[in-house]
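Here is a short briefing for a first look at this structure. Please keep the sequence and the 3D view at hand while reading.

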Amino acid sequence: MANIHVDFNKKLGNIKPMHGVGQPPMDGKSSYYFKYLKEAHIPYSRLHDVGGAYGGFLYVDIPNIFRDFNADENDPKSYDFTFTDWLIESLKEYGCEPVYRLGVTIENYHDTKAYRIFPPADMEKWARVCEHIIRHYNEGWADGYHYNITYWEIWNEPDNGVDERTNMMWHGTMEQYFELYKAASTHLKACFGDSIKVGGYASCGFYAVYETYEGVADNSAAYGTDISVDEATERKLYHLAFFQKFIAFVTKEKLPLDFFSYHSYVNVPLTLKMQDFVEKSLRDAGLTDTEIHLNEWNLAHTLQNRGTLKACAETTAMMCAMQNRKMAMMCYYDARIGASVYAGMFNPLTYEPFPTYYGFKAFGSLYALGTQTDCKSDSEEVYAVAATDGKTNGLLIVNTGEDAEITTDLPQDMQAYIIDESHSLEPIALDGNRFLLKQYQVVYFETK
């Protein structure tokens, strides 16, 4: 049993963009399925790994736009914006803001040969190239746009592995990434000030903070101690060391860090432990104004779980849980249409939405209402968030545990919409004050 108390008159702040996505649902060079982004009020799409294996040579990446690094970075003719213009135009048309990752696509077969994941030969020039890309999209440079894109992320997962043998995102040292971040962040903020937000570095995550290792008393400072660990553990400890040294470098050099981004592919309780670690680390470093972004996450990246009600419920629960933490934005990995186990929102054969999409749509209804209101659940397995726009009220409830009887103090004029084996966020008759919510069901109530 779970009791949920709601007070729509007690306002807590904004419903935050917890339902952003990674790459959007592209069908080749067609934005037809972007309509689903608009219908779910999805506010952001992070542009990393866009277009998959083939798109990696067309969209977004610095080498796709500035194809000859020896060219003049001040000359518009040195840039090829063709495919990225189409992508961002399409996102804007459907009301979705890009989060622009400045860097390159992952190279999964880097151990055979790496092409683009090396540190730039001239980091200052690389920063100036980034500057001109921003000017193209925000200031109209090179027949560009005035989109006022806010978020610009410097690289992705430079901590992906401890050396070139294991790192498919960065064939350089930790220190070389720090120097790249310094060059790019200082230059871009000098050019654009507070009109943009810069950050990074899209950490692989902090799985070691909730694991224990023999001989390691303090996981947060473990890497480099005299312990014998396997390769997977060494990698997790490296993630921690990279983060700690990055934060120390940023604070020592007084570098801009408008947002810090990290990734998680584990369940809600374990991700919350990572979030605790990130919040405390930034607070201890005096970086209290730095936003936190979870901009790659997926709780069901297996063939067995993708497309299931379990995936929907646990994904929706993550959005609800993080709404109540110091989380500024989340981008689910991802909304592509394809056969990847990470493509958790759309059936790759029919292109129809999986249940998970409707969890995003339900949270999007709260986001559209705008203001979070007081809402408490007395069960650790039943998550709930409420919102209002002053006239219409909404309440989202998710059950990740066993079947549970739910009691609430909702007013009687609420319509229920449920996600289960027979309904895709469709209206049903339900007594909002007392009802059975089965395992992995999601229900959304809204004022009639």
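A183 is buried, with a relative accessible area of 5%; buried means under 20% relative accessible area, exposed over 50%, and partly exposed in between, with a 1.4 Å probe and protein chains only. A183 sits in helix α6. The model is predicted: local features need pLDDT of at least 70, side-chain atom pairs count only at pLDDT 80 or more, and totals for chains, interfaces and linings use all residues. Residues are numbered from 1 along each chain as its sequence is written, and side-chain values use heavy atoms, with hydrogens and water left out.

**A183 and its partners**

- Leaving aside neighbours within four places in sequence, A183 is in contact with M123, E124 and A127; contact means heavy atoms within 4.5 Å.
- A183 and R128 are 55 residues apart along the chain, and their C-alpha atoms are separated by 9.4 Å.

- Helices (H or I, at least four residues) and strands (E, at least two) are DSSP runs, numbered from the N terminus.
- Helix α5 covers residues 123-138, which makes 16 residues.
- From first C-alpha to last, α5 reaches 22 Å, close to the 22 Å expected at 1.5 Å a residue; the expected span is 1.5 Å times one less than the number of residues.
- Of the 16 residues in α5, 14 are buried.
- α5 and α6 (residues 174-192) pack at an angle of about 40°, with their axes 9 Å apart.
- That angle makes α5 oblique to α6; angles under 35 degrees count as roughly parallel, over 145 as roughly antiparallel, 65 to 115 as roughly perpendicular and the rest as oblique.
- Axes are lines fitted to C-alpha atoms, for helices over the stretch in contact, and angles run from 0 to 180 degrees between N-to-C directions.
- The α5 and α6 crossing is right-handed: a crossing is right-handed if the near helix is turned clockwise from the far one by less than a right angle, and left-handed if anticlockwise.
- Residues of α5 that meet α6 include M123, W126, C130 and I134.
- On the α6 side, the residues involved include L180, A184, H187 and F192.

**The ends of α5**

- D122 caps the N-terminal end of α5.
- A side-chain oxygen of D122 lies 3.1 Å from the backbone nitrogen of E124.
- Just after α5, G140 takes a positive phi of about 80°.
- A142 lies in the loop between α5 and β5 (151-154).
- A142 has a positive phi of about 55° although it is not a glycine.
- A142 is partly exposed, at 22% relative accessible area.

**H136 in α5**

- H136 belongs to helix α5 and is buried, with a relative accessible area of 1%.
- The H136 side chain reaches the backbone oxygen of W141 at 2.8 Å.
- Beyond neighbours within four places in sequence, the contacts of H136 include F81, D85, A142 and Y145.

**Helix α4**

- The 12 residues of α4 (residues 82-93) should span 16 Å at 1.5 Å a residue, and the end C-alpha atoms are 17 Å apart, which agrees.
- Buried residues in α4 include T84, W86, I88 and L91.
- Cover for the buried residues of α4 includes α1 (35-39), β3 (44-47), α3 (62-65), β4 (97-102) and α5.
- Just after α4, G95 has a positive phi of about 75°.

- α9 (residues 309-323) and α10 (residues 355-369) pack at an angle of about 25°, with their axes 7 Å apart.
- The two helices α9 and α10 are therefore roughly parallel to each other.
- Their crossing, α9 with α10, is right-handed.
- Among the residues that meet are L309, T315 and M319 in α9, and T356, F360 and F363 in α10.
- S424 is in strand β15 (residues 424-428) and counts as partly exposed at 33% relative accessibility.
- S424 and T356 are 68 residues apart along the chain, with C-alpha atoms separated by 9.6 Å.

**Backbone details elsewhere**

- The peptide bond from G200 to Y201 is cis, with omega near -5°, and Y201 lies in strand β6 (residues 197-203).
- The peptide bond from Y333 to D334 is cis, with omega near -5°.
- D334 is in the loop between β9 (329-332) and α10.
- K254 has phi near 55°, a positive value in a residue other than glycine.
- K254 is in the loop between α7 (231-253) and β7 (259-264) and is exposed, with a relative accessible area of 72%.

Definitions and conventions
A polar contact is a pair of N or O atoms within 3.5 Å; within protein, one must be able to donate a hydrogen and the other to accept it, and residues adjacent in sequence count only if both atoms are side-chain atoms.
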